[in-house]
Amino acid sequence: MMDLNIATADELDEVPELKGHGFEIVHYRDERGRFTDVRQLEEVPGLAGKWSGAEAAVSVA
C-alpha cells in the first residue's frame, strides 16, 4: 500500500489508475497540504472520475 502523502510522482505513476498523473498529485499535495482521504484525488486536476480503483493501491497515513 502506497501513502499518497510520501509517494513520489514516479511511484504514483506505477498505479494504473493514476498513471501519468503523478506530477499533478504531488503538485496538489505541495500546494494544498497533506491528503486526509483518498477521495481527495477527485480534486486533483485531470483525475476527476478517473481514479476509481486506486484505493486498492494507495492510502493516507
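Me: What does the side chain of Asn5 reach, and at what distance?
Reply: In this predicted model, the Asn5 side chain comes to 2.6 Å from the backbone nitrogen of Phe35.

Me: Which residues does Asn5 touch, leaving out those up to four places away in sequence?
Reply: Asn5 touches Arg29, Arg34, Phe35, Val60 and Ala61.

Me: Where does Asn5 lie, and is Asn5 buried or exposed?
Reply: Asn5 is placed in the loop between β1 (2-3) and α1. Its relative accessibility is 8%, so Asn5 counts as buried, the limit being under 20%.

Me: Another loop, then. Where is His21?
Reply: His21 belongs to the loop between α1 (9-13) and α2.

Me: Why does His21 count as buried?
Reply: Because its relative accessible area is 16%, and buried means under 20%.

Me: What does His21 touch beyond four places in sequence?
Reply: His21 touches Asp13, Pro45, Gly46 and Leu47.

Me: On to helix α2. Is Phe23 buried or exposed there?
Reply: Phe23 sits in helix α2, and it counts as exposed because its relative accessibility is 60%, where exposed means over 50%.

Me: How far is Phe23 from Thr8?
Reply: The two are 15 residues apart along the chain, and their C-alpha atoms are separated by 8.3 Å.

Me: What about the nonpolar core: how many residues are in the largest one, and which touch the most other members?
Reply: The largest nonpolar core has 17 residues, and those touching the most other members are Leu4, Leu12, Leu18, Ile25, Leu41 and Val58.

Me: Which helix gives the most to this core?
Reply: Helix α2 (residues 22-32) does, with three residues.

Me: Take Val58 from that core. What is Val58 in contact with, apart from neighbours within four places in sequence?
Reply: Val58 is in contact with Met1, Met2, Leu4, Leu12, Val15, Leu18, Val38 and Leu41. Among these contacts, Leu4, Leu12, Leu18 and Leu41 are also listed with Val58 as core residues that touch the most other members.

Me: Last one, Gly33. Where does Gly33 lie?
Reply: Gly33 lies in the loop between α2 and β2 (58-59).

Me: Why is Gly33 classed as partly exposed?
Reply: Its relative accessible area is 28%, and partly exposed covers values between the 20% limit for buried and the 50% limit for exposed.

Me: And how far is Gly33 from Glu11?
Reply: Gly33 and Glu11 are 19 Å apart in space, C-alpha to C-alpha, and 22 residues apart in sequence.

How values were computed: Residues are numbered from 1 along each chain as its sequence is written. This is a predicted model: local features need pLDDT of at least 70, side-chain atom pairs count only at pLDDT 80 or more; totals for chains, interfaces and linings use all residues. Side-chain values use heavy atoms; hydrogens and water are left out. A nonpolar core is a set of buried Ala, Val, Leu, Ile, Met, Phe, Trp, Tyr and Cys residues joined through side-chain atoms within 4.5 Å. Buried means under 20% relative accessible area, exposed over 50%, partly exposed in between (1.4 Å probe, protein chains only). Helices (H or I, at least four residues) and strands (E, at least two) are DSSP runs, numbered from the N terminus. Contact means heavy atoms within 4.5 Å. A polar contact is a pair of N or O atoms within 3.5 Å; within protein, one must be able to donate a hydrogen and the other to accept it, and residues adjacent in sequence count only if both atoms are side-chain atoms.
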